[in-house]
Amino acid sequence: MLEPIAMEMPIAGSGSNAVVPVPAVHNPRARKLRSAVWQDFTKERRADGNCVAVCNHCKKQLTATSRSGTTHLRNHLAICTTTSTRRAGKRRKLVVRRILHNKTSTDGRSGDGHGSGEDHDNVGSHFNQELSRRDLSRMIVQHGYRFSIVDDVGFQKFVKNLQPQFRMVSYDTVRADSMEIYEAERLKLQDILFKIPCRISISVDMWRSNTQMDYLCLTCHYIDHANDEWKVRKRILNFVHMEAPFTTDQIANLILEKLHSWGIDRKVAAIVLDNCAGGEIVARELLRVLQPRRLLLNGDLFHVRSCAHILNLTVQESWEQASEISSRVRKMINYVKFERFQKFQDTAKLLHMDQKLLVVDSPDNWPSTFLMFESACYYHDVLVRLAEQEGHYDAFLAANDWADVKALTEILDVVYHAMEKFPVENPTANLYFNEMCEIHVLLRTWRNSPSPVVAKVAGQMLSKFEGYWDLTRPVMAFASILDPRYKMKSLEYFFRLIYADEQFTAKTMIDVIQNTFHGLYNDYKHQSSDSWKNPSVLCYSRNNSSCMGSVYSSGNDPKTFSRITLSDARRGLDQYIQETSSGQSLKSDLELYLEEAVYRQKEGNQDDFDILAWWKSFAAKYPVLSQMARDILAIPVSIIPLDSEARTLNEYLSTMDPSTVQGLVCAQDWLREDAEGDHADDKPPRGDELIVSSQ
């Protein structure tokens with residue numbers, strides 16, 4: 001790295017270089033020497049009346065006129081010593097003395113310690129105790145650090161070495177500052193939720209602390225269209241302690257109270273209650289109070305279940321039919337692992353089998369049962385060889401048992417790997433309609449298996465699946481229609497495949513979905529009859545002072561956005577003409593949308609398609625449908641519900657009082673989202689964070 005060059009300005013004049021100290025005579029017009037550089041220079045006047053700056057270290061004279069500034073003086077300090085060793089040592093002393101001097105001048109206190117940094121003018125003026133204190137509290141909240149970190153000797157030493165001027169704060173101060181951060185961020189979020197022109201969906205989860213205290217977590221899901229982009233956002237609204245025992249009415253009343261306090265009780269689109277005790281009863285009470293006429297389709301879309309929850313319940317409540325075969329596989333694996341493991345390994349090497357874990361399941365956890373079945377099928381040849389060698393033991397499976405195990409493994413494999421696709425950051429509602437329909441088709445096929453066990457399990461799963469799926473299918477079907485890659489095509493194809501032997505039923509169900517979708521469209525069209533007056537609808541930007549547009553491209557280029565100027569205003573004019581031209585035979589945007597061909601990417605993976613970018617780009621062309629898309633696609637049917645173990649507060653939070661817990665959990669969620677913004681990576685959460693959520 002190049003060292004700064006000292007631009008030593010020559011002192012004009014051929015006269016004597018003798019200098020005299022500046023007389024200590026008060027001159028009210030004289031400029032005060034404010035720069036920190038004058039701690040290393042002395043300003044003196046020559047005999048000819050010109051002023052010079054004399055270096056206190058090497059006594060070199062440099063010009064010090066009012067027009068010369070101080071840059072050349074600071075540059076000189078970097079090279080004023082004769083050797084690099086002396087220069088490094090002297091510069092450290094100069095910097096330390098400069099920092100301590102400024103600390104004394106700003107707060108009247110002297111200090112010690114070490115500091116390093118650039119030699120700026122007025123170094124002390126760049127430090128702000130209050131700002132640094134707020135940054136410390138913000139860091140502690142955002143990363144889930146303990147309040148007591150401020151009492152750690154190592155942390156205190158680290159901070160002092162970084163900035164000796166910082167006065168370390170107490171545990172109580174950090175806690176109070178953290179609650180202030182929570183309140184400030186809460187007001188910001190409340191303002192956002194009040195201003196967004198779309199509906200908001202809600203998910204509810206029950207949590208528990210290590211001390212067996214129950215908490216209700218209320219989370220909102222919506223599509224934000226700030227910064228000229230559409231993004232699905234998820235924010236924790238409340239994390240409230242509930243005194244046990246509590247009833248479903250108390251849960252419903254608490255949810256209603258919080259929705260009202262946030263001012264969104266009239267903007268709710270749907271609610272997910274998968275991890276809430278008595279979810280169906282709570283949903284009915286909420287529906288009664290919120291009044292169906294204020295909800296989508298009079299409340300028909302209000303209560304939904306997530307896909308992962310549907311699949312989990314489908315398997316969990318049906319696997320009892322396979323309990324006997326599961327017990328026999330478990331018995332065989334336990335016998336091999338604990339009685340014949342060396343022999344098992346030798347046989348596997350003899351058959352040139354690659355090493356793979358031999359899994360013993362947890363009987364109440366079907367994913368672990370799948371992994372046990374999968375590992376048993378992988379080592380089928382090894383286990384059959386052992387059975388032949390030890391035929392007097394009844395721990396091994398017979399040939400017909402192996403056929404059942406392989407068929408059941410195939411069923412679990414489909415569900416297990418379908419659920420593996422679900423963990424997507426803030427997914428849209430359209431993502432997994434095709435996968436759910438495929439599972440529906442397979443279940444109807446498997447129920448006709450010649451194996452009694454397989455047919456019984458598949459039949460029970462089909463019954464459970466259809467019962468749970470009926471509640472969520474309309475929302476996901478609507479989301480699929482709003483996917484320009486499929487429109488009505490997925491619906492038509494899969495329903496005819498699912499009901500291959502009942503084509504009348506297939507046609508009836510397709511017509512019901514289509515007619516209901518048209519009914520919802522008409523509701524939106526009626527509500528948005530004066531939408532042309534609303535700048536947020538025309539410009540699709542939270543900032544109404546300027547309109548943003550976008551150009552959506554496909555093929556080799558990913559989604560590309562550019563600022564539109566006059567064309568955006570022209571689209572608003574086109575929309576206005578379309579909405580106010582009565583008596584003309586104009587087609588609705590729904591008719592235009594369905595008549596046009598489906599959107600196909602020229603190249604690339606269809607799974608990489610950004611549906612929100614597409615709708616943002618075509619919002620002016622389909623004004624009513626785009627409003628529907630904003631509300632429907634944000635419904636959290638594709639989230640992964642947390643299991644009970646994941647919904648347990650860590651030991652640190654479990655020791656806090658409920659108000660502090662809510663403040664920390666909510667503020668951390670809000671700060672993390674703000675910090676990640678649009679640059680969110682998919683790094684796993686750290687172990688020291690307050691909440692680990694995969695939703």
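**Exercise 1. Work out how D224 and R233 meet, and whether each one is buried or exposed.**

Step 1: Look at the contact. The side chains of D224 and R233 come together in a salt bridge, at 3.6 Å from N to O. That term asks for a side-chain nitrogen of Lys or Arg within 4 Å of a carboxyl oxygen of Asp or Glu. Side chains of opposite charge can pair when their charged atoms come close.

Step 2: Check the surroundings. Buried means under 20% relative accessible area, exposed means over 50%, and partly exposed lies in between (1.4 Å probe, protein chains only). D224 has 10% relative accessibility, so it counts as buried. R233 is buried too, because its relative accessible area is 13%.

A word on the source: this is a predicted model, where local features need pLDDT of at least 70, side-chain atom pairs count only at pLDDT 80 or more, and totals for chains, interfaces and linings use all residues. Residues are numbered from 1 along each chain as its sequence is written, and side-chain values use heavy atoms, with hydrogens and water left out.

**Exercise 2. Explain why strand β6 counts as largely enclosed, then find its partners.**

Step 1: Strands (E, at least two residues) and helices (H or I, at least four) are DSSP runs, numbered from the N terminus. β6 covers residues 214-224, and eleven of its eleven residues are buried, so the rest of the structure largely encloses it.

Step 2: Sort the directions. D214, L216, L218, C220, Y222 and D224 point one way, while Y215, C217, T219, H221 and I223 point the other way.

Step 3: Now the neighbours. Two strands pair if DSSP finds at least two bridges between them. β5 (residues 200-208) pairs with β6 in the antiparallel sense over eight bridges, and T219 in β6 is the bridge partner of S203. On to β7 (residues 231-242): β6 pairs with it in the antiparallel sense over eleven bridges, and N238 in β7 is the bridge partner of L218.

Step 4: Peek at the turns. The β5 and β6 hairpin has five residues between its strands, and Q212 takes a positive phi near 65 degrees there. The β6 and β7 hairpin has six residues between its strands, with N227 at a positive phi near 55 degrees.
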